[in-house]
Each structure stands twice: as C-alpha cells, then as structure tokens.
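Subject: Structure for you, with notes

Hello,

Here is the structure I said I would pass on. My notes follow below it.

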Amino acid sequence: MIGAAAIRKALEARKDEIIDQIAHVVNIDSPTFPSKGTNAVSSHFAEKYRTMGADVEMIPGTHETGDHLLATFHGKRETGPHILLIGHCDTVFPEGIAAQRPFTMKDGIAYGPGVADMKGCLVTCQFMMEALLTEGFEEFGKIGILYDTDEERGNPSSRNVIERIGKDAAAALIIESGRANGSTVSSRKGSCFGRLLVSGVSAHAGVDPEKGRSAVHELAHQMVAIQKLEREGGTVNITGLSGGHRPHIVADEASCHVEVRAERQAIFDSMTDELRRITSSPHIEGTRSEFQILGGRPVMEFNAETEKLVSIAAEIAEDAGVEFMHAPSGGGSDGNYLSPLGVAVLDGLGPVGGNLHTDEEYLELESIAPRGALLGGLIERLSTK
Ligand SMILES: [Zn+2]
C-alpha cells in the first residue's frame, strides 16, 4: 500500500506545478456552448493522461457539446474492480470572462472562473493519479477518468456516456469540489423541470366572455395544485409565469416553468406522477395543457452502498490528515445518473471551494494535497476489493 499520507507528500512537493496548471486551464474560457473551449480543456487533459500511459478516447459530443474525455488505466489485476472518476470541463461563465477576470491568488486562496467548479478539481485528480503511478501503484483493475463537457447544462450529451461507462463500476467517485466547510456530498436531490403550457379560447371580455376559456384561470388552478405537491423531502418551484395579451381579451394562452426536487426516488416518482396527472386533467372544460419536460436528473440516494463508501473514506481521511464529513446537497451533478443503476457514488471529493457560479468563486490551495490524498487513498483501497 502506498497510503494517503505518501500521496499527500507527493502532491505537496508539486504544489507550484499544480497551481501553474490550474491557472492555465482557468484561463481557457469553457462555457458549455460553443464547444471550442471545452474541447480545448478536454484535449489538454487528454494529452496529460496519454503521457501517463492511459488509453485515451475522445467520445464525440452530441447536441453541439464538446467531446468527452475518457482516460482508462489498466492495472495488473485483470479482473479487478472498475473504479470510475467523473468531472466536467464546462463552466457557467461566458466566453471572454477569463480576459476580464483571470486566475489570481491571494493568501492561499485562488480565484477565477471555474477555479473550484471544477478546473482545480480536474488538475488535482490528474496529479493525484500521477502520484499513485509514480509511487508504484499497479495492483488495480481498471481506473476510468471521465471528463465530460456538458454538466452545467444537465448533461444532454454525456448522460448516456456516464450511464454506459459507469453501470458496471464498483464505485463512482465524483471529483466536484468539497463544500465550503470541507464536507463531501453523499446524496443529491433529483430534479425535473419543464414548461407548462395551457391553451384556452379567446373572446372579448366585455361583449361575450361566456365564449372564452381562460388559459390564465386554468393555469392558476394547476399552479395551486402543483404547489401543494410539496412535502417532507420534496419541493416545488414555479417561475417564468406569463399569460394573455390584453386586459379586455380572455387569455387564450398561459405558461409557467415548474421545477420539482426530491431527496428520495420514491418521493420524486410520486411527485412527478402527480404532476403529470394534474397537468393532463384540466379543471376548466375547453382548455388544454401540456407539460414539456426540459431536463432533470434522478435522485442520488444515500443508500447502503454509499454508506460503505463513506465509512471507508472516513478511515482514509485520517491517514490523509483531513477531517471527513459528508452531507446532502440540493443541487445535481454527474453523480446523479449512476446511483439509480445501483452504483456506489460519493461526490465532492475535490479540493475545497465555494461561491460556485459567482464572481467570488474560490479554491483553497491548502486543501489540494490532503483532498487529493483522500481521493488517491480511496482509489487504492477500493482497488484491492
Ligand atoms: Zn461542477
């Protein structure tokens, strides 16, 4: 065994190189669209992993996304477990942002677009893997490292890729940054969002209102019923409301956006079933409604498999010299897709960061070595199973 303490030391020795490389990739703009930037980031890491001896595959993006990078390392244990690490190359920031607000550092904290979500994490993972190999790690089965290019837009292209590659994995380790307090993420809510469109019949509101069928009135009924779907472990958010055109005409159209989130798959399924029932049985005769699903992710549940991973990670954290915590998150990630397939998933294993998706996004540079050590130690331990 190499052990987390040795991996930490190896990472500490390369701190400056790690920071230089984080600066380099943070300064490449990589919004999800257009795909030029994510392709530049995924190619950058493809080269790094190729040099380290990985089989590198660029999986073509669909839906106009960039290509997804899959780097696979094969160890000596041919029938050994498959461990999958997942991260993403895209950020929420537009093209041109890096020129305005490039990578900077102050008092051990790094700033810049996507520094914690998640370019600092991608670089940490690369150096962690290199440290493992340099220290002679070879008693493993297969380690896959998947860097997709569309997580920030709900994985329109990579969802299938994640499911296909991850379904037989013994564990999926998601390398998103740790929470601001250092916690990892052991469960994530599932979500479903879409647009509810109601059509009615227009009529003059003064002359012959009886001929009208108000889409706004119908939508109001549906929104109240939908909001009532909220329960313990499940929330509803209605936004983007609009309806009708002019004050004296009965509205023939109305719409809103609906988002449902839940902690457990059973709650999620029951809420979305009821949502479908509400939106398909109009209250006012003569109106019609349609719920167009625009996206969402299944629930990443805290299940028995996660519990096992969490207890192994807690042991390794001691060796890595880092406090181990885990907590639920309301937001989704690449990890949500594998949990329903029965794969053990633990998220938030990257270095510690915060203020994600804002101009104040930051990464704690001191956390890189210990968190990288936790990740590396976890891979080593899981590979011996
Ligand atoms: Zn992210």
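**Domains**

The C-alpha centres of domain 1 and domain 2 lie 38 Å apart. The model is a predicted one, in which local features need pLDDT of at least 70 and side-chain atom pairs count only at pLDDT 80 or more, while totals for chains, interfaces and linings use all residues. Residues are numbered from 1 along each chain as its sequence is written, and side-chain values use heavy atoms, with hydrogens and water left out.

Domain 1 covers 4–189 + 299–383 and domain 2 covers 190–297; these bounds come from an automatic or database domain assignment. Between the two domains, 15 residues of domain 1 are in contact (heavy atoms within 4.5 Å) with 12 residues of domain 2. The area buried between domain 1 and domain 2 is about 1000 Å², with 43% of it on carbon and sulfur atoms. Buried area here is the accessible area (1.4 Å probe) that two parts lose on being put together, summed over both. Of the area that domain 1 buries against domain 2, 61% is supplied by Lys 189, Val 299 and Glu 301, more than any other three residues.

**Helix packing**

Two packed helices are described by the angle between their axes and the distance between the axes. Axes are lines fitted to C-alpha atoms, for helices over the stretch in contact, and angles run from 0 to 180 degrees between N-to-C directions. Helices (H or I, at least four residues) and strands (E, at least two) are DSSP runs, numbered from the N terminus.

Helix H1 (residues 4–13) packs against helix H10 (residues 368–383) at an angle of about 140°, and their axes are 8 Å apart. H1 and H10 are therefore oblique to each other; angles under 35 degrees count as roughly parallel, over 145 as roughly antiparallel, 65 to 115 as roughly perpendicular and the rest as oblique. The crossing of H1 and H10 is right-handed. A crossing is left-handed if the near helix is turned anticlockwise from the far one by less than a right angle, and right-handed if clockwise. On the H1 side the contact is made by Ala 4, Ile 7, Arg 8, Leu 11 and Glu 12, and on the H10 side by Ile 368, Ala 369, Pro 370, Gly 372, Ala 373, Gly 376 and Gly 377. By class, the contact of H1 with H10 has 7 nonpolar, 3 polar and 2 charged residues. Ala, Val, Leu, Ile, Met, Phe, Trp, Tyr, Cys and Pro count as nonpolar, Asp, Glu, Lys and Arg as charged, and the others, Gly among them, as polar.

H1 also packs with helix H9 (residues 304–320), at an angle of about 50° and with the axes 7 Å apart. H1 and H9 are therefore oblique to each other, and their crossing is right-handed. Ala 4, Ala 5 and Arg 8 of H1 make the contact with Ile 316, Asp 319 and Ala 320 of H9. That contact of H1 with H9 divides into 4 nonpolar, no polar and 2 charged residues.

The axes of helix H2 (residues 15–26) and helix H3 (residues 36–51) cross at roughly 150° and come within 10 Å. Here Gln 21, His 24 and Val 25 in H2 meet His 44, Phe 45 and Lys 48 in H3.

**Backbone points to check**

Phe 33 and Pro 34 are joined by a cis peptide bond, with omega about -10°; Pro 34 lies in the loop between H2 and H3. Another cis peptide bond joins Asp 117 and Met 118, with omega about -5°, and Met 118 lies in helix H5 (residues 115–134).

Regards
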